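This report describes one protein chain for a reader who is new to structures. Please look at the sequence and the model before reading on.

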Amino acid sequence: MVTAVLAVVAASIIGPASNLARADGHEGIQVADQGAQSQFPNGVRFSLTARSPDQIDDVRVFFRKADQRNRAYGAMEFARGNEVRGEYLLRSGGGGGFIPPGTQIDYSFEVRDKVGRVHRTPEQRFIYLDNRFEWRTVSDGLITVYYYGEFVEKRAQTVLEAAQETLKQMGPVLGIQPIAPLRIVTYNNYRHMVAALPFRSQAVAEQLQTEGQAFSEERVLLVLGVSPTVRGIASHEFTHLLVAEAAGGAISQVPDWLNEGLAEFANLEPTDSYEKALSRAIFTRRLKPLWYQRTFGGKPDDIIIAYGQGRSVVQFLVAKHGSAKIAELMRALQKTLDIDKAMEEVYGFDQHGLDSQWRIALGLEPLPPPRELERQLQARAEATLTPSPAASPTPEPTPVASTGTEAGPRASPGCSNPSRPGATTGDLASLLLMGGPLALLCRPLLRRRWPF
């Protein structure tokens, strides 16, 4: 048996479909059957049946997600002979990465025999779907919504309209006009949807229910279609796909506060849950510096607070400096590959400068520059390790319990973003009070719409 392997190859290796055979009078290699089949949730199974006058030694499948430039290949498993049937499983979560339902996969095969003949098949297209259900579609332009079941077409149409409205609103803000397909897969209940999501930490999964998740590389969005806030979820998550398109190869440099803040800025039906979380964070001294929010992490409450902070900061940024600069920021980020340098180029200040302006607008004291803040936090941490015998302990702030009434996990957009090595997520930032007594005064200000 030929063992399965995986390697990344340039697109030029595939070339056009051809049948390169030695001129020896034989008819050459023939492909009798080929295809791809969903093996949800495990991945995609490729199969091929071929025959040749001489022994077939090698069969490979070449594939790529969506419109990626580079392709990968897998060596198919088969028993050598003049007629073979080979199979290869592209595992979801394996060498090809997680494959969400709705992913477009372009694939082709290459067959070689022992005398040097090579046969390459034309490229074909396959949409990987959850094979537990029979899927139907509604579409408009580049956007297609997948749904299943009876009497839910209207709901799918609602999702489609939300995506179209979001594109109309955010396309000019981000300076883009998509030219490749975008797919939205809707589920009828959370039990069905959770099997299609990537693994998350158990602690987070138990307290935050994912109602939507965007996969920018695959240009796919999963949505819980039965949610009463489905328009808001769809618009929020769809914006992530648009941000990824605007940032291009610099998407990994877009900090979460900006990505999630833009998604909430575009939310067609925003709720006040993030606003309340941000208010509680200020009151309980849990508001972190903006540059600590490159990635959202920590406890579920920390994640909800981070969403509230991101939304508030982006609303402030757009209100004070205009929406046109967002597109400029995305272009600058593609050049600099550094969010602080890009902000300096477009706005004349970095993340610390924005953080300071935002806090002042809320009635809070601005923070020291990042290096000085780190020095202060480090000094405080060292002092905590060697307390003075005469010192009285400082009480920790008491977290405010959630006011949600739902029985079970709270909802979260559960957005998908690329991991960013070197991001700072330390808890030291939460040791510092971001505003002192003024925090109590800022709660009414959180509802302001930044009338600059």
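In which strand is arginine 64 found? Arginine 64 is in strand E4, residues 43-65. Helices (H or I, at least four residues) and strands (E, at least two) are DSSP runs numbered from the N terminus.

The model is predicted, so local features need pLDDT of at least 70 and side-chain atom pairs count only at pLDDT 80 or more, while totals for chains, interfaces and linings use all residues. Residues are numbered from 1 along each chain as its sequence is written, and side-chain values use heavy atoms, with hydrogens and water left out.

**Arginine 64**

Arginine 64 has a relative accessible area of 17%, so it is buried (buried means under 20%, exposed over 50%, partly exposed in between, with a 1.4 Å probe and protein chains only). Its side chain makes a polar contact of 3.4 Å with that of glutamate 123. A polar contact is a pair of N or O atoms within 3.5 Å; within protein, one must be able to donate a hydrogen and the other to accept it, and residues adjacent in sequence count only if both atoms are side-chain atoms. Leaving aside residues up to four places away in sequence, arginine 64 touches several residues, including Arg69, Gln104 and Asp106. Contact means heavy atoms within 4.5 Å.

**The open sheet**

An open sheet of 5 strands has the order E10-E11-E12-E15-E14, with mixed pairing. Strands E10 (135-140) and E14 (212-215) are the edges, each pairing on one side only. Two strands pair if DSSP finds at least two bridges between them. Strands E12 (residues 182-187) and E15 (residues 220-224) run parallel and are joined by 5 bridges. Isoleucine 184 is opposite leucine 221 in E15.

**Helix directions**

Axes are lines fitted to C-alpha atoms, for helices over the stretch in contact, and angles run from 0 to 180 degrees between N-to-C directions. The table gives three of these angles.

| Helix | Partner | Angle |
|---|---|---|
| H4 (residues 230-247) | E15 | about 165° |
| H7 (residues 300-321) | H10 (residues 351-361) | about 90° |

The axes of H7 and H10 are 10 Å apart. H7 and H10 are therefore roughly perpendicular (angles under 35 degrees count as roughly parallel, over 145 as roughly antiparallel, 65 to 115 as roughly perpendicular and the rest as oblique). Among the residues in this contact are Phe316 of H7 and Trp358 of H10.

**The chain**

The chain has 11 helices and 16 strands. Of its 452 residues, 50% are buried.
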